[in-house]
Structures are given as C-alpha cells and as structure tokens.
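Here is a short walk through a few helix contacts. Follow along in the viewer.

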Amino acid sequence: MEFQKSPDGGWGWVIVTVSFFTQFLCYGSPLAVGVLYIEWLDAFGEGKGKTAWVGSLASGVGLLASPVCSLCVSSFGARPVTIFSGFLVAGGLMLSSLAPNIYFLFFSYGIIVGLGCGLLYTATVTITCQYFDSRRGLALGLISTGSSVGLFIYAALQRVLIEFYGLDGCLLIVGALALNILACGSLMRPLQPSDSPFPEKIAPENVLDRYSTYNEKEKSLEENTIILDRSYRSEDKCNSTLPRGDWRQETPKNPAAAAHAKEPEPYRKKVVEQTYFCKQLAKRKWQLYRNYCGETVSLFKNKVFSALFIAILLFDIGGFPPSLLMEDVARSSNVREEDFTIPLISIIGIMTAVGKLLLGIMADFKWINTLYLYVATLIITGLALCAIPLAKSYVTLAILSGILGFLTGNWSIFPYVTTKTVGIDKLAHAYGILMFFAGLGNSLGPPIIGWFYDWTQTYDIAFYFSGCCVLLGGFILLLAALPCWDTCNKKLPKPAPTTFFYKVASNV
C-alpha cells in the first residue's frame with residue numbers, strides 16, 4: 001500500500017511531539033532501572049546476574065518481538081497499537097509493585113513492560129518515517145531523545161519516590177504516569193493511502209476475488225457445482241450396480257443419506273462456495289508466507305544488512321550494560337555517595353539525549369555518510385568501555401558515562417541507516433529483524449556482565465569483554481561497507497553469451 005507523499009511538516013510535528021512524550025513515559029523507568037536494580041538486590045538477596053535479568057528483559061523482550069510488533073503496526077496502525085501498549089506498560093509497572101520475588105518481576109516488569117515498550121517504539125518510528133522524508137533524521141532524533149530525557153528525569157524521580165513512598169509506591173506512581181500514553185496515542189493520525197482517500201468497502205460477491213492471488217486458471221463456482229453433481233450421479237450409479245444378495249438387503253436405509261441424495265440445489269451451491277472460499281484463503285495465506293520468507297532471504301543477501309545485524313547484536317551485548325550497572329560499578333569501586341553530585345545514570349541519560357539530537361541533525365547533511373558515522377560511534381564506544389576498569393573515581397566515571405551516553409545516541413540514526421541500506425519499502429520488515437537481534441543482545445548483555453562479576457568479584461574482565469564485542473561489530477560493519485567491494489563487482493567481466501551456429505545439410 002502506497003501512502004501520500006510525506007508532508008515533512010504540518011501535522012508531522014504533532015506526531016513528533018506525541019512520539020517524544022510516548023517514549024519519555026514508556027522508556028523512563030526501564031532505562032533508569034539501575035536505580036531499582038540496587039533496591040531489588042537488597043530486597044530479594046539474589047545474585048547480580050539473576051537480578052540483572054529484570055532490566056535486560058524489559059529492554060530486550062520488546063526488541064525480540066520486533067517482527068511481531070512490526071506486523072501489528074502494519075496490520076492495525078500506529079494509533080491502536082500505541083493505545084493498547086499504554087495499558088501494557090502501565091499495568092506491568094503497577095503489577096510489579098506486588099512482586100513477592102524476583103521471578104514475578106521477570107514476568108511483570110521484564111515481559112509485560114518490555115513488550116509494551118517494543119510495540120510503542122515500533123509504532124512511533126514507523127509513523128514518524130511516514131510523515132517525514134527530507135527531515136527524517138531530525139524527526140527521528142527528536143523523538144528518540146524522549147527516552148533519553150526520560151532516563152535523566154526518571155533516575156532522579158525514582159530515587160525521590162523510593163525515599164518517600166518506598167519501592168512499591170514508586171512503581172505504582174510511575175505506572176500511573178504511564179497512562180498518559182493513551183492520550184498521546186489518540187493524536188497519532190495516520191496518513192491516508194494515495195490511491196483512495198477512504199478505505200474501499202468490498203461487496204460480498206467480490207470477497208472471493210480478494211483472495212485470488214494466482215494466475216493459473218481456477219475452476220468457477222458453476223464448474224465446481226457440475227463436478228459435485230457428477231460425483232452424486234456416480235455415487236448413485238455405483239449403488240445401482242451393487243450385486244443383489246443378503247449384503248445389499250442388510251444395508252440399513254439411512255434417512256440422512258436419502259435426504260442427502262435429494263438435497264436442494266441452493267445447499268449444493270453453498271457447499272461449493274464455502275469450499276472455494278476456504279481454498280482461496282489457504283492459498284492467500286501460503287502466498288503471504290512465501291513472500292515474507294523470500295523478502296527475508298533477499299535482505300540477508302545484502303552484505304551490509306548482514307553485517308548490520310551482527311554489529312547491532314554485539315553492540316547491545318556490550319553497550320547496554322553500563323546504563324543498567326553503572327551505579328553498582330561506582331559502588332564496587334568504593335566511590336562514596338557524598339561524591340555523587342549527579343547520578344551517573346542521569347549523566348548517561350542527558351548525554352544520550354544530546355547525542356541523539358546532534359547525530360540526527362548530522363545525518364541530514366548530504367556530505368556525511370550515515371553508515372560511516374554509525375561505524376565511528378561503535379568503535380569509539382568499544383574503546384570507552386575498555387577504559388571503564390581504569391576509572392577509580394567519580395570524575396572519571398562521570399566523564400566515561402557522558403561519552404558512552406553521547407555515543408549511545410546512535411539509536412537515532414539507526415533507522416536512517418536501515419532505510420538507506422534496504423529502502424523505505426522494506427523498512428518495517430528489515431527493522432523488525434534487526435530489532436530482534438538487538439533485543440537478543442539487550443537480554444544477554446547485563447546477565448553476562450553480572451555473571452562475570454559473580455565469578456571474579458570485579459567488573460574489569462566484564463567490561464573488557466563488552467568493549468571487545470562492540471569493537472568487533474564495528475570493524476565487521478566497516479569492512480562490509482567499504483566501497484572497494486562495489487568496485488570489484490564492477491570490474492568483474494561479464495561472461496559473453498554463448499553463440500551456436502547451425503549449418504543446414506543440403507540434400508543436393
């Protein structure tokens with residue numbers, strides 16, 4: 001379905017505003033879960049690796065379900081999905097206040113809240129890409145700063161709420177705030193299709209034609225009716241040619257069979273129509289499944305896309321844990337609480353907002369290659385992660401938190417990079433696949449870091465591992481994006497077509 005031309009303004013700025021507040025409200029608590037992480041460690045007494053699963057699931061489940069989220073947005077639209085997801089996020093946060101153990105939080109906070117966040121993220125990104133074309137980088141940068149501003153504010157807000165109302169009261173209040181997502185979703189007016197201003201109603205007699213997707217000749221209803229009549233006649237003929245004897249006489253006369261033999265013509269036609277409809281519907285579903293698999297295979301034939309999914313997987317395994325564990329890293333480094341002028345998570349949040357905005361603006365410059373810009377953020381992030389074990393004071397941890405926060409703002413240009421790689425027509429499909437691998441990395445990263453700490457009682461080896469993962473992903477994507485590959489493909493000689501000469505024998 002083709003939509004109207006992107007207005008690049010107008011109601012699009014309303015979409016940007018409500019998408020900003022949607023991400024602010026839904027991602028504020030999950031991204032600032034590091035504050036809750038310390039409280040859960042003290043409340044339930046579980047290991048760091050197991051407790052880290054709560055925050056990692058909240059960020060990872062929604063991304064793991066990105067193909068399903070993309071399908072929901074494509075099928076139902078951004079507005080209904082946003083309203084439904086608002087109930088999920090608010091309900092999951094309120095339900096978490098009743099958690100008796102860490103396993104209950106896996107479901108309430110990790111799965112329910114995470115799934116709602118995934119649906120909301122896909123809905124806001126999709127509708128923003130539809131409303132903007134030339135200013136898409138700026139628009140995506142603006143809406144993605146909502147989650148970063150939410151991280152900055154919710155990190156301090158949850159500390160204050162825990163101090164005054166306790167952990168349970170904090171989750172109840174944060175869940176009530178998330179209900180404002182419903183008001184934001186109601187303003188997400190979709191673009192109408194370009195071919196028709198209003199959706200066309202299909203007449204009942206044309207329903208079957210909607211599901212006809214094959215070009216081969218199909219039997220019409222009249223032909224199917226004739227076939228059904230022939231089957232009945234052949235059945236009667238077989239019954240008439242049965243040999244006379246005890247077996248035929250002992251066959252009881254079934255009234256239902258007699259009624260079936262004399263069934264009216266409308267009943268036969270109805271049976272044929274329903275059979276024909278079911279057959280066409282099954283073929284339609286099978287064709288959609290084949291098209292989806294074919295598009296997926298074609299996406300992975302693109303070497304840049306294949307390198308992109310490896311890079312995003314490794315980036316989320318190594319780059320996500322600092323936002324969750326930085327507070328505990330400072331406590332493990334014996335940094336005194338009196339030195340905490342600003343919480344480290346808040347520094348990450350505000351610098352992520354700055355990074356998303358600036359990187360989104362830079363992506364709109366024609367002389368900047370967004371793919372190389374994204375690769376540069378990955379490489380510098382890997383180096384900064386490897387430097388965390390060397391930081392033993394609040395000042396150095398704050399500087400590294402600011403650098404990591406700014407570079408994590410590359411999320412604002414990731415949809416832009418995906419669009420340039422596969423095209424706007426395949427954005428929803430490709431983005432769903434990439435977000436699946438991002439969710440896998442988000443889910444695995446913090447528990448791996450926590451297990452490293454439980455094993456070695458230090459975060460040094462854990463962050464060296466994280467830095468190496470991000471560096472590896474960056475260099476793989478850089479190699480795949482080098483222009484020399486296109487040059488080599490152009491220089492390959494095309495095989496000359498084989499020509500066969502035939503000489504006709506003469507009878508002379």
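Helices here are DSSP runs of H or I with at least four residues, numbered from the N terminus. The model is predicted. By that definition, Val422 lies in helix α19.

Start with Val422. Is this residue buried or exposed? Its relative accessibility is 17%. Buried means under 20%, so Val422 counts as buried. Look next at what surrounds it. Setting aside neighbours within four places in sequence, Val422 is in contact with Leu299, Phe305, Leu427 and Ala430. Asn302 is 120 residues away from Val422 in sequence. In space, their C-alpha atoms are 8.3 Å apart.

Stay with α19, which spans residues 414-422. It packs against helix α17, residues 370-387. The angle is about 135°, and the axes are 9 Å apart. Angles over 145 degrees would count as roughly antiparallel; α17 and α19 are therefore oblique to each other. Their crossing is left-handed. Which residues meet there? From α17 come Thr370, Leu371 and Tyr374. From α19 come Phe414, Tyr416, Val417 and Lys420. By class, this contact has five nonpolar residues, one polar and one charged.

Now move to another pair. Helix α5 covers residues 78-96, and helix α6 covers residues 102-131. Their axes come within 8 Å and cross at roughly 155°. That angle makes α5 roughly antiparallel to α6. The crossing of α5 and α6 is left-handed. What classes of residue make up the contact? There are 18 nonpolar and six polar residues, with no charged ones.

Key: Residues are numbered from 1 along each chain as its sequence is written. This is a predicted model: local features need pLDDT of at least 70, side-chain atom pairs count only at pLDDT 80 or more; totals for chains, interfaces and linings use all residues. Side-chain values use heavy atoms; hydrogens and water are left out. Axes are lines fitted to C-alpha atoms, for helices over the stretch in contact, and angles run from 0 to 180 degrees between N-to-C directions. Helices (H or I, at least four residues) and strands (E, at least two) are DSSP runs, numbered from the N terminus. Angles under 35 degrees count as roughly parallel, over 145 as roughly antiparallel, 65 to 115 as roughly perpendicular and the rest as oblique. A crossing is left-handed if the near helix is turned anticlockwise from the far one by less than a right angle, and right-handed if clockwise. Contact means heavy atoms within 4.5 Å. Ala, Val, Leu, Ile, Met, Phe, Trp, Tyr, Cys and Pro count as nonpolar, Asp, Glu, Lys and Arg as charged, and the others, Gly among them, as polar. Buried means under 20% relative accessible area, exposed over 50%, partly exposed in between (1.4 Å probe, protein chains only).
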